[in-house]
Amino acid sequence: MTDHIYNQDTNAPLPMDMKGTAQDGPPPYKGMKTPYYSEMPESKTTNEYGIAGFVVSLVSFLGGPFLIFPAIIGWVISIILCCLGLKKKPKVFAIIGLCISLSALLGILLFLSILYFSR
């Protein structure tokens with residue numbers, strides 16, 4: 001015994017498709033467009049310059065106490081990459097990398113100026 005799904009308006013059984021579920025209505029007429037359902041492609045949400053600037057600033061920050069002058073060059077490169085990354089979305093990594101680079105660069109320049117002028 002099969003279960004039928006009934007039309008609410010006419011109380012007549014609806015036709016069943018091959019899977020055993022009720023069809024929504026008659027098949028489309030010739031020339032009638034059927035709805036096309038597909039998965040939306042995922043949008044690209046990465047910011048290459050921002051991530052690169054963040055990574056360079058982090059590496060320079062961690063290596064700064066050991067290698068001061070390469071770290072200064074890394075921070076300058078990081079500032080350039082993060083400024084390019086601020087033009088794209090998402091801006092989170094670019095802003096964090098810019099903050100790390102600027103604070104570390106200002107800190108090391110302040111440290112070097114204190115060493116220079118304390119003589």
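**Ground rules.** I'm working on a predicted model, where local features need pLDDT of at least 70, side-chain atom pairs count only at pLDDT 80 or more, and totals for chains, interfaces and linings use all residues. Residues are numbered from 1 along each chain as its sequence is written, and side-chain values use heavy atoms, with hydrogens and water left out.

**Helix pair.** I looked up H2 (residues 68-85) and H3 (residues 92-117): their axes come within 9 Å and cross at roughly 145 degrees. Helices here are DSSP runs (H or I, at least four residues), numbered from the N terminus. Axes are lines fitted to C-alpha atoms over the stretch in contact, with angles from 0 to 180 degrees between N-to-C directions. I noted the crossing as left-handed (near helix turned anticlockwise from the far one by less than a right angle).

For contacts (heavy atoms within 4.5 Å), I found Trp75 and Ile79 among the H2 residues, and Leu98 and Leu105 among those of H3.

**Salt bridge.** I found one in the structure (side-chain nitrogen of Lys or Arg within 4 Å of a carboxyl oxygen of Asp or Glu). Glu48 and Lys88 form the pair, at 3.5 Å, N to O. Glu48 is in helix H1 and Lys88 in the loop between H2 and H3, so the pair ties together parts that are 40 residues apart in sequence.

Technical notes. Helices (H or I, at least four residues) and strands (E, at least two) are DSSP runs, numbered from the N terminus.
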